[in-house]
Amino acid sequence: MALDPQLLEILACPDTHHAPLTYDAPAQTLTCTECGRIFEVRDDVPVLLLDEARSPAEGS
């Protein structure tokens, strides 16, 4: 199941800049458009915890 489009419209990076996120459905990830942090989507639930985000350098 994909994330609800209305939910995707309001999701933002939890860091202080609160930038929008882009959704990669096949990878089940959300990526910050400003800092590049990658957040996983587990069981259709976005995990927007800075401690669990991957940095862009880590990749997948």
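**Loops, sheet and salt bridges**

Colleague: Where is the place of Asp15?
Modeller: Residues are numbered from 1 along each chain as its sequence is written, and side-chain values use heavy atoms, with hydrogens and water left out. Helices (H or I, at least four residues) and strands (E, at least two) are DSSP runs, numbered from the N terminus. In those terms, Asp15 sits in the loop between helix H1 (5–10) and strand S1 (21–24).

Colleague: Which element of the chain has the highest mean pLDDT?
Modeller: The chain as a whole has a mean pLDDT of 93, with 95% of its residues reaching 70 or more. Where pLDDT is low, the predicted coordinates should not be read in detail. Among the elements, H1 has the lowest mean, 94, and the highest, 98, belongs to S2.

Colleague: Is Asp15 buried or exposed?
Modeller: Buried means under 20% relative accessible area, exposed over 50%, and partly exposed in between (1.4 Å probe, protein chains only). The relative accessible area of Asp15 is 19%, so Asp15 is buried.

Colleague: With which residue does Asp15 form a salt bridge?
Modeller: Contact means heavy atoms within 4.5 Å; not counting residues up to four places away in sequence, Asp15 touches Arg37 and Leu50. A salt bridge needs a side-chain nitrogen of Lys or Arg within 4 Å of a carboxyl oxygen of Asp or Glu. The closest N and O atoms are 2.7 Å apart, and the partner of Asp15 is Arg37.

Colleague: How many residues apart are Asp15 and Arg37?
Modeller: Arg37 is partly exposed, because its relative accessible area is 24%. The salt bridge of Asp15 with Arg37 links distant parts of the chain. Asp15 is in the loop between H1 and S1, Arg37 is in the loop between S2 and S3, and they are 22 residues apart.

Colleague: Which strands are the edge strands?
Modeller: Two strands pair if DSSP finds at least two bridges between them. Four strands form an open sheet in the order S1-S2-S3-S4, with antiparallel pairing. The strands that each pair on one side only are S1 and strand S4 (45–46).

Colleague: Which residue in S3 stands opposite Leu30?
Modeller: Strand S2 (residues 29–32) pairs with strand S3 (residues 38–42) in the antiparallel sense, over three bridges. The S3 residue opposite Leu30 is Phe39.

Colleague: How many residues make up the largest nonpolar core?
Modeller: A nonpolar core is a set of buried Ala, Val, Leu, Ile, Met, Phe, Trp, Tyr and Cys residues joined through side-chain atoms within 4.5 Å. The largest one includes Leu30, Cys32, Phe39, Val41 and Ala53; S2 and S3 each supply at least two of its residues. In soluble globular proteins, nonpolar side chains tend to be buried together. The count for this core is ten.

Colleague: What is the relative accessibility of Thr29?
Modeller: Thr29 lies in strand S2. Leaving aside neighbours within four places in sequence, its contacts include Thr22, Tyr23, Phe39 and Arg54. Thr29 counts as buried because its relative accessibility is 7%.

Colleague: Which residue's backbone oxygen does the side chain of Thr33 reach?
Modeller: Thr33 is placed in the loop between S2 and S3. Beyond its neighbours within four places in sequence, Thr33 is in contact with Ala19, Pro20 and Thr22. Its side chain reaches, at 3.0 Å, the backbone oxygen of Pro20.

Colleague: How many residues apart in sequence are the parts tied together by Arg54 and Glu40?
Modeller: The side chains of Arg54 and Glu40 meet in a salt bridge of 3.7 Å, N to O. Arg54 lies in the segment after S4 and Glu40 in strand S3, so the separation in sequence is 14 residues.

Colleague: With which residue does Arg42 form a salt bridge?
Modeller: Arg42 counts as partly exposed because its relative accessibility is 37%. Its partner is in the segment after S4, ten residues apart from Arg42 in strand S3. The closest N and O atoms are 2.9 Å apart, and the partner is Glu52.

Colleague: How many salt bridges does a search of the whole structure find?
Modeller: Glu40, Arg42, Glu52 and Arg54 are linked in a network of salt bridges. Asp15 with Arg37 is another such pair. Over the whole structure the number found is four.

Note on methods. Predicted model: local features only at pLDDT ≥ 70, side-chain atom pairs only at ≥ 80, totals over all residues. Polar contact = N/O pair within 3.5 Å; in protein donor to acceptor, adjacent residues only side chain to side chain. pLDDT = per-residue confidence, 0-100.
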